Amino acid sequence: MYMFVVFPKLNWSAPKDASWIALNNSLQCTCPEDVYLLLKSSDFVTHDLTQPFDRCEDEDTDVDVQYELVLRRWTNVHPGMEFRCFVKSDRLIAISQRHHSNFFPYIDEQHDSIHKDILDFYHTDIEKRFPDTNFVFDVYRKKAGKVMLVDFNPFCEVTDPLMFTWDELTSGEPLEGSNSTEGEGVTEGVVFRYIKSEMGVQPNPLHSYRVPEDIAHLTSGEDAHKLIDFLQMKCQSQEGEESTGMET
């Protein structure tokens, strides 16, 4: 039993996709067994262990990775105050609401001050200090004027673009406006997107990890062959039921 509640993280990822399997439905761990269960059940952790440099420019480089398991002390944070920021060529170009599966009315009410606080934090604490020119970082705005760094992520498709797309972020073209159910602000050329109403709420991508992979592919249409096989099987089943009914 740990002296306080912790949550686990490897070098790059936390097992967020496995939170559904925990009794408390979160990453809170009070003993080693909780940590083992989350790590063994996580596709994110498996990716870090087997393909850590997938989609990197130098992914073929033979690197001896020294893995570290970090147990951070658990702190309750408000999900509505977490934001993801995208930096390209040492310039902050986009900010997204972190949890776009929820609508938080106060983001729209405070979007100008939130936008400014994150810009000020970037210019003061991060700009020109990170070793790469393209990267993603997550922040938590604890209160007005108080922004805290949460994590860094690679600027590529392994990182969730949330309310943007990677085509938008990498095209080199100015980011366009969002639809009417999303809010958007532009300051210093930095686009800030957030959920403006209940109509704009998007599905939580982590929920797809709660069902078998085949089912997730069927419902999302990612695997057309599986969908065709499923429909053919359904048709054969219906034909069999009809023939049985005619015989009786």
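## Confidence

pLDDT is the predictor's confidence in each residue, on a scale from 0 to 100. It applies here because this is a predicted model. The chain has a mean pLDDT of 83. Of its residues, 77% reach 70 or more.

Strand E3 has the highest, at 97. Helix H6, residues 213-220, has the lowest, at a mean of 51.

## The nonpolar cores

The largest nonpolar core has 22 residues. Six of them touch the most other members: Phe83, Leu92, Ile95, Ile107, Phe137 and Val139. Several elements each supply at least two residues: strands E3 (82-88), E4 (91-97), E5 (135-143) and E8 (190-195), along with helix H4 (111-126). H4 gives the largest share, 6 residues. A second, separate core holds 12 residues, including Phe7, Leu10, Leu27 and Val45.

What does Ile95 touch, leaving aside residues up to four places away in sequence? Its contacts include Phe83, Arg84 and Cys85. His115, Ile118 and Phe164 are also among them.

E4 and H5 are the elements that give two or more residues to the lining. By class, the lining has 5 nonpolar, 4 polar and 4 charged residues.

## The loop between E6 and H5

Strand E6 spans 146-154, and helix H5 spans 166-170. Glu157 lies in the loop between them. Is Glu157 buried or exposed? It counts as exposed, because its relative accessibility is 52% and the cut-off for exposed is over 50%. Beyond residues up to four places away in sequence, Glu157 touches Arg55 and Trp166.

Leu162 is buried, with a relative accessible area of 9%.

Most residues other than glycine have a negative phi. Leu162 has a positive phi of about 55°, although it is not a glycine. Lys128 also has a positive value, near 65°.

Where is Lys128 placed? It sits in the loop between H4 and E5. Lys128 is exposed, with a relative accessible area of 64%, whereas Leu162 is buried.

Methods. Residues numbered from 1 in each chain as written. Predicted model: local features only at pLDDT ≥ 70, side-chain atom pairs only at ≥ 80, totals over all residues. Heavy atoms only, no water. Core = buried A, V, L, I, M, F, W, Y, C linked by side-chain atoms within 4.5 Å. Buried < 20%, exposed > 50% of the residue type's maximum accessible area, 1.4 Å probe, protein only. Helix = DSSP H or I, 4+ residues; strand = E, 2+ residues; numbered from the N terminus. Contact = heavy atoms within 4.5 Å. Nonpolar A, V, L, I, M, F, W, Y, C, P; charged D, E, K, R; others polar.
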